[in-house]
Amino acid sequence: MLGIAAAVLFFIAFLINAADITTNDVFTSSNVMLLGLMVLALHVAGIGSSWSGRRR
């Protein structure tokens, strides 16, 4: 689930950069990309993978 969120954030950052959309200082392309990298790092670290209730 976090991998999908990271992909969406990277896509939004790409759209902001490619379309030259003017945003305020909070939602710049690099800030959105850093958020995507943070979510991707959490996904790779395994955070959020054991949130489901099933156990083996």
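Where is the place of Met 33?

Modeller: This is a predicted model, where local features need pLDDT of at least 70 and side-chain atom pairs count only at pLDDT 80 or more, while totals for chains, interfaces and linings use all residues. Residues are numbered from 1 along each chain as its sequence is written, and side-chain values use heavy atoms, leaving out hydrogens and water.

Met 33 sits in helix α2, residues 29-45. Helices here are DSSP runs of H or I with at least four residues, strands are E runs of at least two, and both are numbered from the N terminus. The protein has two helices and zero strands.

From first C-alpha to last, the 17 residues of α2 reach 24 Å, close to the expected 24 Å at 1.5 Å a residue (that is, 1.5 Å times one less than the number of residues).

Now look at which way things point. Ser 29, Val 32, Gly 36 and Val 39 are the buried residues in α2. Down the helix axis, the buried residues of α2 fall within an arc of 95°, so they line one face (the arc takes directions from the axis to the C-beta atoms). Buried means under 20% relative accessible area, exposed over 50%, and partly exposed in between, with a 1.4 Å probe and protein chains only. What that buried side of α2 packs against is α1 (2-18), contact being heavy atoms within 4.5 Å.

Turned away from the buried side, α2 carries exposed Leu 34, Val 44 and Ala 45. As for Met 33, its relative accessibility is 38%, so Met 33 counts as partly exposed. After α2 comes Gly 46, with a positive phi near 95°.
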